[in-house]
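This report describes how two chains meet in a model and what form one of them takes. Please examine the sequence and the structure before reading on.

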Amino acid sequence: MTDLARAHLQEQFDQPTQQKQAATLGMWQFLATEVLFFGVLFAAYTACRYRFADGFAEAARHTHVVFGSIETAVLLISSCGAALALRNVELGGRRVAAALLAGTAALGTVFLVLHGVEYASEYREGLVPGLRFDHAGPHARAVELFYCLYFLITGFHSLHVIIGVVLMTVMAVKAWRGRFGPGYATPLENAALYWHFVDIVWIFVYPMIYLVGRASA
Amino acid sequence: MSGSSPPSLRSQLGALAGLLLLLAATAGLAYVPMGAFNTVVALLISLAKTLLVMLIFMRLRSESAVVRLVAIAGFAWLAMLFLILMADYLTRVTLPPPY
C-alpha cells in the first residue's frame, strides 16, 4: 500500500483496494444508467426509422459523412489517449500522462468544433427543424423527424463530450501536479471510463446517422 | 489496481488499430448495396468496436465478475426495451384512416 493510497482512504473503507472496487462498481452503475438514457433516444430513432425507412434514408444522405468519419476517428484516438494516460500513471509517469490527457481534451475540442461546423452548414442548408427547415418533397415530414432526432442525439452526445473535455482537463492538471501514482488513480480511472463511454455512444451514432441510405442513392 | 499490472502498450495500440480498421470497414461497406444487410453489418461492426473499447480500454477483461455483471446489466435492460418496442412495431397492422 502506498502513502498516496493511504492518504486518500476514507473512513468508511478498511483498505484502499476496497475503496477502489467500490468506486469502480459505482462508476459502472452510473454508466449503466447512461446506457439507458441514450438507449431511449436510440429506441425512438429505431421506431421512427422502421416506420419511415425511405424518408430516413433520404435525410441521412444530407448528413456530412466526411465530417462524421473524421469525428469518429478523432474520438477513437482520444479514447486510446485516455487509456494510455492511465497506463502511464500506473507505471509511475507524470509528464507523459499529463500530456496524453491534455491531448485527449484537445481531441475532444476538435470533435466539438467539427460538429459545430456541421451544425452551421445544416442551418445554411435549411435542415434545422423549428429554426430553418426548407426541405420539400414527399418525405419532408420524415426528414424533419430524422433531423429532430439527429439534433437531440448528437446534442446530448456533444453535451457529454463537453463534460468529458472539462474532466480530462482537470485530470491533466492533477496528473501534472503528481496527485496520482501507481497506488492511487481512482478519479482518473473513472474519468477515463466516462470518456470511453462517450466514445461508445458515438460508435453507434455514426452508422445510424451518417451511413444510412448511402448504398441506395 | 487490485494487484493487476497495467496493460501492455501493444494491447492498447492494437485495440486502436483494430478500431480504426473497423471504422474504415463500416464506412466502406455502407456504400456497397446489400439491402437490409447494410444495417446488420453496420450494427455488427459497431458491436465489435464496443467490445474492443469495453474489454481493452475500459479493462473489463480483468475486472471482477460483479463489475462485469453491472456493465452487462445496462445493455440487458436496453435489449428488453428494443425487444418489446419492436414486438409492437413489427406486428402492427396499419389501418387506413376512416375518412
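## Terms and source

Angles under 35 degrees count as roughly parallel, over 145 as roughly antiparallel, 65 to 115 as roughly perpendicular and the rest as oblique. Axes are lines fitted to C-alpha atoms, for helices over the stretch in contact, and angles run from 0 to 180 degrees between N-to-C directions.

The model is predicted: local features need pLDDT of at least 70, side-chain atom pairs count only at pLDDT 80 or more, and totals for chains, interfaces and linings use all residues. Residues are numbered from 1 along each chain as its sequence is written, while chains are lettered from A and ligands numbered from 1 in the order in which they are written.

## A helix pair between the chains

Helices are DSSP runs (H or I, at least four residues), numbered from the N terminus. The axes of α4 (residues 65-90) of chain A and α1 (residues 9-29) of chain B cross at roughly 170° and come within 10 Å. The two helices are therefore roughly antiparallel.

Residues are in contact if their C-beta atoms, placed from the backbone, lie within 7 Å. Among those of α4(A) that meet α1(B) are Leu76(A), Ile77(A) and Arg87(A); the α1(B) side includes Leu16(B) and Leu20(B).

## Chain B as a whole

In total, 38 residues of chain B are in contact with 40 residues of chain A. Helix α3(B) gives the most to this side of chain B, with 13 residues.

Chain B has three helices and zero strands. Its C-alpha trace spans about 70 × 35 × 15 Å along its principal axes.

How values were computed
Contact = placed C-beta atoms within 7 Å.
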